[in-house]
Amino acid sequence: MYSTLRGPDFLNRMTLFVAKCMHDGSWEAFSLDQNGNLKYDWTKDERFKAFKYGAKGSKEYLKARALYFSQVKKYNEDHLDAPINMTDNLPEPYSKREINAIRALGDNIYGSYDTSKKAMAEHRAYGFLFGSFSTWMNGIVNNYFMST
């Protein structure tokens with residue numbers, strides 16, 4: 001039962017991530033390569049366009065450059081084994097901390113029932129019943145509203 005109801009949870013989290021990307025302007029920076037892998041091109045990201053294409057010294061340029069450098073710094077903090085320079089291409093639009101914040105928002109909005117919570121619930125009768133009900137109800141609601 002648990003393994004079959006992970007789809008709605010995945011869709012809820014992806015909806016939040018896509019909404020965040022569209023709000024920030026990074027949605028257009030994603031594309032698929034020939035092998036179907038997701039690629040990020042920071043030059044197409046709306047947040048950094050003024051840094052890449054804008055007039056040097058303008059207010060928008062300085063703001064975009066500061067954001068780019070802070071994202072590079074966050075990337076280097078997350079990837080200590082392979083840091084990048086300030087002049088390198090940014091390989092990811094969001095840091096691990098920002099992605100975890102999106103995941104936490106999804107947990108708060110939709111609830112969460114991951115493998116660690118599954119193990120806790122299986123050791124208690126009321127946890128088993130509540131966990132089963134919550135995943136069942138999540139699946140029923142999503143099937144009802146998504147079946148068209």
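Me: In which loop does S26 lie?
Reply: This is a predicted model, and the elements are named along the chain. Helix α1 covers 6-24 and strand β1 covers 30-32. S26 lies in the loop between α1 and β1.

Me: Is S26 buried or exposed?
Reply: Buried means under 20% relative accessible area. The relative accessibility of S26 is 0%. S26 therefore counts as buried.

Me: Which residues is S26 in contact with, leaving aside its neighbours within four places in sequence?
Reply: Two of the partners, D45 and R47, are joined to each other by a salt bridge. Another partner, Y94, is in the lining of the largest cavity. The contacts of S26 are C21, D45, R47 and Y94.

Me: How far apart are N and O in the salt bridge of D45 and R47?
Reply: Both D45 and R47 are buried. Their side chains meet in a salt bridge. The N to O distance is 2.8 Å.

Me: How many salt bridges does the count come to?
Reply: One of them joins D24 and K20, with the closest N and O atoms 3.2 Å apart. K49 and E46 meet in another, at 3.4 Å from N to O. By the rule used, the count comes to four.

Me: Where do D24 and K20 lie?
Reply: D24 and K20 are four residues apart, about one turn of the helix. K20 is partly exposed, at a relative accessible area of 32%. Both D24 and K20 lie in helix α1.

Me: Are K49 and E46 buried, exposed or partly exposed?
Reply: Buried means under 20% and exposed over 50%, with partly exposed in between. K49 has 31% relative accessibility, and E46 has 45%. Because both values fall between the cut-offs, K49 counts as partly exposed, and E46 also counts as partly exposed.

Me: Which residues does H79 touch, not counting residues up to four places away in sequence?
Reply: H79 is found in the loop between α3 (59-78) and α4 (96-110). H79 is buried, with a relative accessible area of 15%. The residues H79 touches are E92 and K96.

Me: How far apart in space are H79 and S95, C-alpha to C-alpha?
Reply: In sequence, H79 and S95 are 16 residues apart. S95 is one of the residues that line the largest cavity. In space, the C-alpha to C-alpha distance from H79 to S95 is 9.9 Å.

Me: How many charged residues are in the lining of the largest cavity?
Reply: The cavity has a volume of about 30 Å³. Q71, K74, Y75, D78, E92, Y94 and S95 line it. By class, the lining has two nonpolar residues, two polar and, as charged residues, three.

Me: Which helix supplies the largest share of the lining of the second largest pocket?
Reply: The second largest pocket, of about 200 Å³, is lined by F10, R13, M14, F17, I99, I102 and R103. Five of these lining residues are nonpolar, none polar and two charged. Both α1 and α4 supply at least two residues. The largest share, four residues, comes from α1.

Me: Which element has the lowest mean pLDDT?
Reply: The chain averages a pLDDT of 82, and 79% of the residues score at least 70. Where pLDDT is low, the predicted coordinates should not be read in detail. Helix α3 has the highest mean, 95. The lowest mean, 57, belongs to helix α5.

How values were computed:
Residues are numbered from 1 along each chain as its sequence is written. This is a predicted model: local features need pLDDT of at least 70, side-chain atom pairs count only at pLDDT 80 or more; totals for chains, interfaces and linings use all residues. Side-chain values use heavy atoms; hydrogens and water are left out. On a 1 Å grid over the protein atoms alone, a cavity is a set of points where a 1.4 Å probe fits but cannot get out, and a pocket is an open set with protein on both sides within 12 Å along at least five of seven lines; lining residues have an atom within 4 Å of a point. Grid points are joined across faces, edges and corners, and a volume is the space filled by probe spheres set on the points. Ala, Val, Leu, Ile, Met, Phe, Trp, Tyr, Cys and Pro count as nonpolar, Asp, Glu, Lys and Arg as charged, and the others, Gly among them, as polar. Buried means under 20% relative accessible area, exposed over 50%, partly exposed in between (1.4 Å probe, protein chains only). Contact means heavy atoms within 4.5 Å. pLDDT is the predictor's confidence in each residue, from 0 to 100.
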